[in-house]
Every structure is written in structure tokens, then in C-alpha cells.
Amino acid sequence: MILTQISYLDCVVFLIFLIPQLLLNVNIIRLVICGIRMIPFFLIKLPSSFITERYFTHQLHRSPFVQRAPPFQDFVIRCVRYAFANLPANIGRVFFSKNVALPFFTFRLFRHGYAHSPIPWREIEVGGVRGLLIGHYEEDDLPEVVVYYLHGGGFSMGSAYFYLEPLLVLLTLMQPHWRNPVIFALDYDLVPDKCYPVQLSQAKAGYEYVLKNLVNGEGESVVVAGDSAGATLILSLLLYLAAEPNNEDRKPGFATLISPWVSLVSENNRDTPSDFLNAASLHLYGSQYARKKQYLSDPLVSPGSCRYLDWWARAAPCHGFYITFGGEEVLGPETRELISKLKKAKVKVIVNEEPGLIHAWAIARLFLEESEEERTKGMGQLAAAICGVHFIESPTDSAESASTAVELPKLYTKEEMEAFVKEAAKAITAPAVT
């Protein structure tokens, strides 16, 4: 199931679904103040910057993204950049909520001639685990592969429902290669309603649900995946699982990360002319998730702070990682540093850095690119990596680097690492912090 590019009609309908939810969920005075502050941007700054850069600036002096983006993409990303920097999170989260995303997706289906989704999906809520199970699942016919997906949104916004269309496209592209693949997309609690360790605890509970109910305990049949903050949680989950005793059978088979937020607060997270993210907002959201400043150096909170190569080697899925990100990302330097650590730890990594592109473009392009080939490129690369059709060259594909069964430098003892993770495990099992 692959729909066409977002249209201006889609944008109007999205606003029709959005406005009532904003009125229901946001203080009206705060909403009015926010709306007044937006007027100069939409009346003056947006049109002037758009026209100046696109039509009065030499091609080589435009930002790398604008150099390759058609007007519609450029316009949308300028709006998103403003929203990320200026809209309070409690307003931003409404944009991605179930009550907006689901009716909008239903309209998109209707506009393309579907009365309902051609691929079934259903809501799951069991034992504190909430999410969407996508695909043709039967209890007596377990899937050959399950993608366990955690959404992005800076821990403060986002929902599994907003990701329904991209995940359905991913499943569509996987189906020719697997008998009955399914995707389980977790809906975890958002900041500030809940903070660390709640989200990591929910990510672990979701993984346990997948192991127990969908793959009969065979971790190798699971692909863990996520974008942005969801990728942060995936890395945290892998580091946590690495310290569990007898974890080899429980390790996932593969991990795919889209624009991972590797270090929540880092001087390497720097603004770029192209990306819609900005370091100041990222650091604010990251600090709110961590709750305490000292947690920002905890690898289970901010995985980039893990400098131990053997911990990364033990945490790596059986068949390694696929990591895709844009060359113009604010998060790019930390992502490259993570890739470097994984290679030094002799972990197999398939890397896809796309020059001139921005945060989570593998997902955004599905809505914004014009041709079907370009729209599905990101999800197609993801599906190809999962299915073993590795048409993206990996610099670590040699026999020497593909194996993790090698002698690794011991920067600390096994007991020290397990003691560190044991402390984190206590936090995970502690009562939820509100």
C-alpha cells in the first residue's frame, strides 16, 4: 500500500482535524498567544526568506537542502523548522496525536480509493504494553520476522498512529521477501507526563511482549527499529539487554536506526543551515527526559556516553546495524561517532549517509517527494537491509570486521559493567516517576 505525495487538499484536511483537538487539549489563552506570535513569521519572515533564498540567491550559496528541494518541500521544512524551535511541546504533541493522525490517515486512504487499510492492523494493550500490531497475524501461524518499532518525537510528542502510513509502506515492501512479516509499533508515555526510566521500562516490556507472543522467544526473528528519540530508546534497550545473563538467545537479529539521537546533550549537536532541528530545543527535550543532570552521562539514558567497546559488541544484534541519516543533520556528528565506535568493536554496520538531506528524511520523503521511486526510497532501503538485499555497500562487510567473535580491548571488567547496568535496572523497575 503506497499512497501519493501529500497534497494541498491534504494540508487543509489536516488543519480541519487539528484545530478542534488544539481547542480541546490546549489552554485557549496560551493558544491565542502562540497564534499571535506566529503572525510575523507567516506574514513576513517565511515569504521573505523563501523568496530571497530560492530566487535571489545563487544556487551555490543556498543551503544544501534548498539546493535539491522543490518549492513545496522547502516551504514545508521552513514551517517545521519554525514549529520545532517555537511551539511548546504540549501544542506540538497534538499534531502527532491519535485523534489527529488517525482520521487524517483514514482520509488519505479514502482519497486514494480505499474504504479501509488493505493491510490489517489492530490496537494492542496488554500488561501495560500499548501499541499497534500491523500485518496478517494469526496465533497459529507465527511471523517469520517481526519489526519492533519505536517512534521519534523528542520524547515529548509523536505516536504510533502518526507512523501508520510509513510502517504500512515498509511492510508492503517486505512482503515479497518474507512469508508473513508483522510490525509492532510501541506507544510509550511522553514527557513531561512521564520521564526516564519509564520509557525504557516500556520499551523493554514491549520487547518482552514481542518475544513471548510473536516469535516464540526467538530473538533472532526480531528487528528492532526506531527513528530519532525512538532510536535512542532502541540503543538504550540493546545496552540494557547486553548485561542480562544468558542474553544471546534474547538478542534481536538486526537493528535499523533512522537519524538516531545518540547523545541527548552534546556540544557536537550543532545547528546547520538545512536541518529543521536545532540543538537548543534538542538539549531542552533531552534534559526533560533525563530529569537529572547526572543521568545525561548514563549510557542507558544517553547511549553516546557509552565508551566501552566490549559493551557495544555485546549489545549488538546478531546481524548488526543498518543506520541511515542525512548529511546535513544536527545529530550527524554524534551519529558518525557511534558508527566509529561500532566499527572499532568489530560490529557489522551498514551505513547510509545521504548528502544534503536532513533529519529523518527516510520517513519525511514518503510524504513530500514527488515520484513514487523517491517517496519509497527510504523505506525501500530499510526493507532491503532487513531482508538481506544489501545494495548499500557496507564498509564493514569484510570477513574480518563482520564477526563479533573476536578479542576486544578490555577497557573495564565484566563485573564493573554489570554492576553499572544493575544500578540502572533498579531504576527501570522502580515505581514510575511522574
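**Close-up views of a predicted model**

**View 1. Helices α13 and α15 are oblique to each other, and therefore count as neither roughly parallel or antiparallel nor roughly perpendicular**. Here angles under 35 degrees count as roughly parallel, over 145 as roughly antiparallel, 65 to 115 as roughly perpendicular, and the rest as oblique. Helix α13 (residues 361-368) packs against helix α15 (residues 377-387) at an angle of about 135 degrees, and their axes are 7 Å apart. Axes are lines fitted to C-alpha atoms, for helices over the stretch in contact, with angles running from 0 to 180 degrees between N-to-C directions. Helices (H or I, at least four residues) and strands (E, at least two) are DSSP runs, numbered from the N terminus. From α13 come Ala362, Ile363 and Arg365, and from α15 come Lys377, Gly378 and Met379, where contact means heavy atoms within 4.5 Å. These contact residues divide into three nonpolar, one polar and two charged (Ala, Val, Leu, Ile, Met, Phe, Trp, Tyr, Cys and Pro count as nonpolar, Asp, Glu, Lys and Arg as charged, and the others, Gly among them, as polar).

This is a predicted model, in which local features need pLDDT of at least 70 and side-chain atom pairs count only at pLDDT 80 or more, while totals for chains, interfaces and linings use all residues. Residues are numbered from 1 along each chain as its sequence is written, and side-chain values use heavy atoms, leaving out hydrogens and water.

**View 2. Helix α8 meets helix α9**. The axes of α8 (residues 198-213) and α9 (residues 229-242) come within 10 Å and cross at roughly 70 degrees. That makes α8 roughly perpendicular to α9. On the α8 side you will find Gln199, Leu200, Ala203, Lys204 and Tyr207, facing Leu233, Ser236, Leu237, Tyr240 and Leu241 of α9. Seven of the contact residues are nonpolar, two polar and one charged.

**View 3. A nonpolar patch lies on the surface**. Its members include Leu15, Ile19, Ile28 and Leu43, and together the patch residues have about 1100 Å² of accessible area (Shrake-Rupley method, 1.4 Å probe, with only the protein chains shown counting as cover for residues). Patch residues have over 30% relative accessible area and no salt bridge; like charges are joined within 9 Å, and nonpolar side chains (Val, Leu, Ile, Met, Phe, Trp, Tyr) within 5 Å. Helices α1 (8-25) and α2 (28-55) each supply at least two residues, and α2 gives the most, with eight.

**View 4. Asp10 and Arg108 form a salt bridge**. Their side chains meet at 3.1 Å, N to O; the rule asks for a side-chain nitrogen of Lys or Arg within 4 Å of a carboxyl oxygen of Asp or Glu. The pair links distant parts of the chain, with Asp10 in α1 and Arg108 in α6 (residues 98-111), 98 residues apart.

View 5. Pro192 lies in the loop between β4 (182-186) and α8, and Pro197 is found in the loop between β4 and α8.
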